[in-house]
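Welcome! Here is a short tour for anyone meeting this structure for the first time. Please take a look at the sequence and the model, then read on.

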Amino acid sequence: MAIDREKVIDQMSKVSAEANEDGLIPAFNVLVNQWPAKFWNEFSKRMVEAVDDDIKDAVEELLINAAHECGYHTGYGIITSKEWEAIVAPMVEKTEDVLHGAYAVFTAWGWANAEIVELVPGEKMVVRAYDYYEADIGEDYPGKKAPRVSAYMIRGVCGAFMDLAYGGKYDSEGKTGLYTFRCKQTKGIECGDEYGEFVTVKSEAYE
């Protein structure tokens, strides 16, 4: 692997993101927000718990889809940003290096301490996350174990990153290239597992 993960994390973690005069935070060619993790966790937890069991899966898919679309556009912003060009691009030799670099940035910015542990180019990716803000959802349940895996953001982003790598040319309108891959969470810290595990495959192979 050409990517020096620790170097990317060290340098990208030093990149500051400050609001402009309109109160917006432009970073990586997109606008980002800064809210407490508890806010987002409570938001998703309330949505899932507010509905009957027979439609919980559908509500969760909506949360994942929101993260997927956000990850697609934000991910593209990251890999075309001046920060990426300065720090990561010199290490990139092939498409797979872009993915490894993207997860190093993902870690540096505090979204999740995540890395790729298996990658079949154009087919499958397995990511492990050893710490992520959605894991805190488990703290609200007896035994600190949530009844369902709940890392909707990471699932969406995993699918989005594979879309960007192998789904064709980036489409700013999301009409092509988006949702060519989907991700399933197979383990979760929020459920008592040692780490979160996320398996991304082509949409037609997704179950």
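Let us begin with a charged pair: Lys202 and Glu123 form a salt bridge, with their closest N and O atoms 3.3 Å apart. This pair ties together distant parts of the chain, since Lys202 sits in strand E6 (residues 196-202) and Glu123 in the loop between E3 and E4, 79 residues apart. The model is a predicted one, in which local features need pLDDT of at least 70 and side-chain atom pairs count only at pLDDT 80 or more, while totals for chains, interfaces and linings use all residues. Residues are numbered from 1 along each chain as its sequence is written, and side-chain values use heavy atoms, with hydrogens and water left out.

**Salt bridges**

- A salt bridge here is a side-chain nitrogen of Lys or Arg within 4 Å of a carboxyl oxygen of Asp or Glu, and the whole structure holds 14 of them.
- Lys202 is partly exposed at 28% relative accessibility, and Glu123 is partly exposed too, at 40%. (Buried means under 20% relative accessible area, exposed over 50%, and partly exposed in between, with a 1.4 Å probe and protein chains only.)
- Asp53 and Lys56 meet through their side chains at 3.9 Å, N to O; Asp53 is exposed at 65% relative accessibility, whereas Lys56 is buried at 11%.
- Lys144 and Glu139 form another salt bridge, at 3.6 Å from N to O; Lys144 is exposed at 52%, while Glu139 is partly exposed at 47%.

**Helix H5**

- Helices (H or I, at least four residues) and strands (E, at least two) are DSSP runs, numbered from the N terminus.
- Helix H5 covers residues 95-108, and its 14 residues reach 20 Å from first C-alpha to last, close to the 20 Å expected at 1.5 Å a residue. (The expected span is 1.5 Å times one less than the number of residues.)
- Twelve of the 14 residues of H5 are buried, so the helix is largely enclosed by the rest of the structure.
- Among the buried residues of H5 are Leu99, His100, Tyr103 and Phe106.
- The cover over these buried residues includes helix H1 (5-12), helix H3 (56-79), strand E4 (124-132) and helix H6 (152-166).
- Just after H5, Gly110 has a positive phi of about 85°.

**Nonpolar cores**

- A nonpolar core is a set of buried Ala, Val, Leu, Ile, Met, Phe, Trp, Tyr and Cys residues joined through side-chain atoms within 4.5 Å.
- The largest core has 26 residues, of which Tyr103, Phe106, Met125, Val127, Ile154, Cys158 and Phe198 touch the most other members.
- Two or more residues of this core come from each of H5, E3, E4, H6 and strand E5 (181-187), and H6 gives the most, with eight.
- Beyond its neighbours within four places in sequence, Phe106 is in contact (heavy atoms within 4.5 Å) with Trp111, Ala112, Ala114, Met153, Ile154 and Val157.
- A second, separate core of twelve residues includes Val8, Ile9, Ile87 and Ala108.

- Trp35, Phe39, Trp40, Phe43 and Met47 make a nonpolar surface patch of about 490 Å².
- Phe39 belongs to helix H2 (residues 37-49) and is partly exposed at 37% relative accessibility.
- Patches are made of residues with over 30% relative accessible area and no salt bridge, joining like charges within 9 Å and nonpolar side chains (Val, Leu, Ile, Met, Phe, Trp, Tyr) within 5 Å.

Notes. Accessible areas come from the Shrake-Rupley method with a 1.4 Å probe; for residues, only the protein chains shown count as cover.
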